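Have the structure open as you read.

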Amino acid sequence: MGEWWTTVPIGTSMGNYDISSISHVTMSPLRQNNLVSMYSSLPLSKSSYNVISAFCTEDNIPQCISYMNQELASLGLSSTCIEASSPGGAGLSTVPALNAMYELLQIHRRNMGTLEELEKEQLKKSSSMEHMQMNNSRLKDQLELSIREKSGLHETERQLQLKIKTLQSCLKTEKEEVQKLQSIISSRASQYSHDAKRKERETAKLKERLGQLLVDRKDKKLAIDVLNCLGRSDGKRSHWKTAKATASHEGEMYKSLLSDYEASQRALMLENAELKKVLQQMKKEMMHILSPRQLSTRGADSDGEEKAGNSSRETLDQSCEHAREQLTNSIRQQWRKLRNHMEKLDSQASQVQNQLESNKEVIPRETHEDEMERMRHEVQQCKEFIHAQQQLLQQQLNTSFDDETAALLNDCYTLEEKERLKEEWRLFEEQKRNFERERKNFTEAAIRLGREKKAFQEDRASWLKNQFLNMTPFTDRRRCSSSDGQSALSISKFVFKFKKKYADTRFKSRSRVRCGDLSIFSLGEDENSLT
Amino acid sequence: MNFSEVFKQSNQLCKVSPDGKYLATCVQYRLVVRDVSTLQILQLYTCLDQISHMDWASDSLFILCAMYKRGLVQVWSLEQPDWHCKIDEGSIGLLSSRWSPDGRHVLNTTEFHLRITVWSLCTKAVSYIKYPKACQKGIDFSRDGCYMALAERRDCKDYVSVFVCDDWHLLRHFETETQDLAGLEWSPNGCVLAVWDSCLEYKVLLYSLDGRLLSTYSAYEWSLGIKSVTWCPSSQFLAIGSYDEKVRILNHITWKKVTQFEHPATINNTKAVVYKEVERRPAVGSDDLSLHNITIGTTLFNTQSKYEICPLPVQLPVVKPDPDRANPKIGVSTLAFSSDSRYLATKNDNMASVVWVWDMQKMSLEAVLEQTSAVRCFQWDPQRPRLALCTGNTKLYLWSPAGCVSVQVPTEGGFQVQSLNWHCSGDSLILLGKEQLCLCYMDTDQEDK
């Protein structure tokens with residue numbers, strides 16, 4: 001890369017090797033030097049940080065142009081060459097410059113794009129790497145954990161193995177001990193038996209010796225002293241001991257043994273026959289139970305064949321072992337069938353029972369609930385009824401016992417009486433008034449009567465006067481007075497009546513005033529009675 | 001239930017004659033024969049020394065009285081009180097004495113089991129049987145009285161000799177496969193002889209009458225074995241009680257175990273009825289405890305008791321035996337079949353106050369009777385399935401399938417019932433106390449609880 005640097009005018013560069021001023025530029029020392037030299041061509045008054053801005057100045061345009069051309073050529077843009085607009089001039093031909101710029105921009109954009117992509121990829125890659133690292137760390141942890149677990153399990157397994165070993169060894173030791181003890185026991189037993197036998201032999205010897213001594217001694221002899229011999233218990237005479245007797249004894253013994261065996265055999269035969277009978281019956285019944293069902297499933301042939309076969313075989317000698325075996329086998333077979341049948345039925349029954357139970361639960365529950373409803377309703381009604389009754393009863397009870405109402409009631413009763421009393425007062429008043437009226441009438445009548453009496457007295461006096469006068473020789477006057485006389489008679493009648501009437505009325509009026517009687521019209525009666 | 005008055009007896013020697021008419025008791029050196037129904041003294045005999053053993057002859061005409069210390073046996077006749085018979089064993093001593101089944105021979109076992117002397121009362125002849133074995137049950141007569149089986153031991157081997165009782169002819173003599181024969185017993189039908197070993201080895205051997213070995217049965221090894229053996233009256237079963245607290249039943253056809261009955265300390269899950277005796281003490285007034293009252297008025301200590309049915313589960317009292325001592329009190333020591341072979345009564349020694357009754361038809365537990373103290377003796381009624389038991393107190397206990405009853409023996413002075421015997425008719429019981437005896441007459445109707 002340092003090749004094309006040689007075309008750079010050296011004159012300007014040689015002076016300054018200030019590397020430290022461009023410390024941030026990371027290049028090879030050669031390039032650095034050249035760059036320094038190049039940039040030192042700029043006016044030295046500018047600071048070292050503004051190196052790029054000081055690239056092109058008024059003075060070094062052609063160098064810059066050639067440099068730029070070189071750079072562009074190195075970048076592969078050989079087509080565009082920056083030319084000076086005029087040789088030795090300060091300007092640039094725009095078209096190539098712009099092209100160059102455009103191309104540079106393109107390059108730049110492309111670079112940026114690739115940079116972005118690269119950055120994206122880098123990000124992706126870094127994230128994936130992070131992820132992987134995390135995974136890695138996690139897996140490492142897991143691995144560690146599982147390793148630890150494994151080691152733990154190994155440990156426990158080892159311990160258990162150890163335990164097993166110890167237990168096995170214990171068991172072995174125990175077994176050995178048991179065996180040892182057993183052997184000890186057996187050895188001791190044999191030892192004891194040996195010792196016991198030895199002692200027994202000793203005692204036997206002693207006994208023999210003793211027996212001998214005792215037999216030899218004569219002082220106390222064994223003897224029996226019986227008053228008289230007894231007869232045998234069975235009354236027979238005793239027999240001599242002969243071989244015949246022994247034989248007969250043997251014979252007797254065998255006879256008794258045989259009879260016992262016969263008796264037991266008979267009993268066993270009976271038992272056997274009974275059991276066989278029972279088995280046969282059971283078999284028949286089992287077959288009977290199974291056959292109606294099996295007739296529907298299988299053909300009756302096999303069963304019938306079996307039946308026939310069995311019965312025919314059984315008609316043979318029943319004590320024959322073959323027949324016995326057959327019987328037991330057939331019974332076993334039937335029993336197996338029956339058992340399977342029963343199991344099937346059982347399962348069916350349990351199913352059906354479950355169903356039934358569930359049904360039972362439903363149906364009765366419904367009816368049960370209906371019933372419950374009805375009953376509740378009834379209960380409610382009854383309650384209401386009772387409540388009403390209670391209320392009424394309460395009311396009634398309350399009315400008889402409450403003071404206010406009692407008072408009211410009492411008032412009612414007195415009111416009734418009051419009314420009645422009023423009624424009666426009214427009547428009474430009425431009667432009183434009537435009576436007053438009557439009295440008044442009567443007094444008036446009495447006054448009238450008085451007056452009339454007075455008038456009558458006067459009349460009477462005058463008449464009597466007249467009469468007296470008449471009684472003198474005035475006979476003429478008799479005729480005239482006959483009418484007068486008649487009139488006098490009538491007047492006397494009238495007076496008489498009137499007196500009577502007056503007396504009567506006076507009397508009656510008194511009595512009527514006293515009694516208050518309303519029958520004033522009895523005056524008319526007197527009138528009638530007088531006439 | 002009627003109780004007779006109390007009579008004196010000594011040594012628990014009180015036996016009813018085989019025909020059931022007479023009751024013989026021993027009082028010191030006297031032999032008293034009474035009538036069973038009236039208890040009147042019929043005969044009175046005087047022996048030369050204190051009677052150690054007394055037994056009736058099979059025809060109920062003669063009574064044997066043995067005096068072991070003196071080595072004498074005296075035989076008395078019931079029909080002829082003047083008749084006498086005295087058998088003197090001499091210096092050889094006397095260990096036990098018994099009748100032969102025909103009632104005309106007396107078999108004396110001399111001291112140290114040196115020999116058995118057979119004395120004939122008919123001919124005054126003497127025979128000897130050598131080397132009898134000194135064991136629990138070395139002699140047994142078959143039920144029909146025809147044969148006698150005798151255990152012998154020669155040269156450290158066990159043998160069994162079968163004699164014909166008619167003329168004491170040796171029918172069979174065979175060696176048994178036992179280590180140390182402890183006992184033998186004829187089956188009731190007389191055709192099988194059961195022979196069992198000592199408790200160090202569980203082994204039962206069954207021999208036919210002619211000496212053939214029919215079968216061997218051994219339930220287990222090494223632990224203590226058979227404690228008791230008994231035949232069922234119908235000869236169908238052989239019951240073996242062992243130290244492992246179980247009873248094993250063998251059947252007579254195959255001689256194999258049919259079932260085993262266990263005696264657990266806790267009973268649950270069984271259909272059996274558990275009867276528990278419950279005592280009710282009468283109230284004692286504190287001012288009454290004068291010495292006079294205590295000694296005379298022993299009714300103070302006569303507690304009433306009755307049976308209560310316990311609901312399951314039931315815990316039974318167990319007494320653990322001392323493991324260091326020989327013949328430990330554990331295991332089934334007493335077995336008894338009822339006369340109809342229907343029931344089996346058992347007693348387990350470490351539950352000594354409990355009697356177990358098993359039903360042989362169902363092969364299951366029928367009843368459990370728990371008493372307040374250890375059961376001393378129980379016996380089945382010879383005629384019906386009724387079990388009588390006593391525990392050493394003043395009461396008599398009866399069990400039947402209908403129920404259970406506890407009866408106070410009404411005697412003054414406190415009669416402690418130590419053992420009991422049924423009369424062969426099953427109508428009465430003989431209760432034996434320490435020095436007394438009492439008869440108990442049963443009603444024909446069984447009382448129920």
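Q: Which side chain makes a polar contact with the side chain of B:Ser17?
A: In this predicted model, the partner is the side chain of B:Asp19, at 2.5 Å. A polar contact requires N or O atoms within 3.5 Å, so this pair qualifies.

Q: What makes B:Ser235 count as buried or exposed?
A: B:Ser235 has 5% relative accessibility; the cut-off for buried is under 20%, and therefore B:Ser235 is buried. This serine also belongs to a loop, the one between strand E23 (226–231) and strand E24 (237–242) of chain B. Beyond four places in sequence, B:Ser235 is in contact with B:Ser187, B:Pro188, B:Asn189 and B:His252.

Q: How do you know whether B:Asp155 is buried or exposed?
A: At 66% relative accessibility, B:Asp155 passes the mark of over 50% and so counts as exposed. B:Asp155 has a positive phi too, about 50 degrees, and is not a glycine. Its place is the loop between E16 and strand E17 (157–164) of chain B.

Q: What makes the peptide bond from B:Leu312 to B:Pro313 cis?
A: Look at omega: the value is near -5 degrees, and the bond is cis. Most peptide bonds are trans. B:Pro313 lies in the loop between strand E29 (304–310) and strand E30 (314–315) of chain B.

Q: Which residues have the most contacts inside the largest nonpolar core?
A: They are B:Tyr147, B:Val160, B:Leu193, B:Val195, B:Leu206, B:Leu238 and B:Ile240, in a core of 35 residues. Strand E20 (residues 192–197) of chain B gives the most to this core, with five residues. Another core, of 23 residues, lies apart from it and includes B:Phe261 and B:Trp356.

Q: Why is the pair A:Glu250 and B:Arg172 called a salt bridge?
A: Their closest N and O atoms are 2.8 Å apart. The limit is 4 Å, so the pair meets it. Between chain B and chain A the count is two salt bridges, alongside eight residue pairs in polar contact, both residues being at pLDDT 80 or more.

Q: How many residues does each chain bring to the contact, and what area do the chains bury?
A: Chain B brings 44 residues and chain A brings 38. Together they bury about 4000 Å², 62% of it on carbon and sulfur atoms.

Methods:
Residues are numbered from 1 along each chain as its sequence is written. Chains are lettered from A and ligands numbered from 1 in the order in which they are written. This is a predicted model: local features need pLDDT of at least 70, side-chain atom pairs count only at pLDDT 80 or more; totals for chains, interfaces and linings use all residues. Side-chain values use heavy atoms; hydrogens and water are left out. Helices (H or I, at least four residues) and strands (E, at least two) are DSSP runs, numbered from the N terminus. Buried means under 20% relative accessible area, exposed over 50%, partly exposed in between (1.4 Å probe, protein chains only). Contact means heavy atoms within 4.5 Å. A nonpolar core is a set of buried Ala, Val, Leu, Ile, Met, Phe, Trp, Tyr and Cys residues joined through side-chain atoms within 4.5 Å. Buried area is the accessible area (1.4 Å probe) that two parts lose on being put together, summed over both. A salt bridge is a side-chain nitrogen of Lys or Arg within 4 Å of a carboxyl oxygen of Asp or Glu. A polar contact is a pair of N or O atoms within 3.5 Å; within protein, one must be able to donate a hydrogen and the other to accept it, and residues adjacent in sequence count only if both atoms are side-chain atoms.
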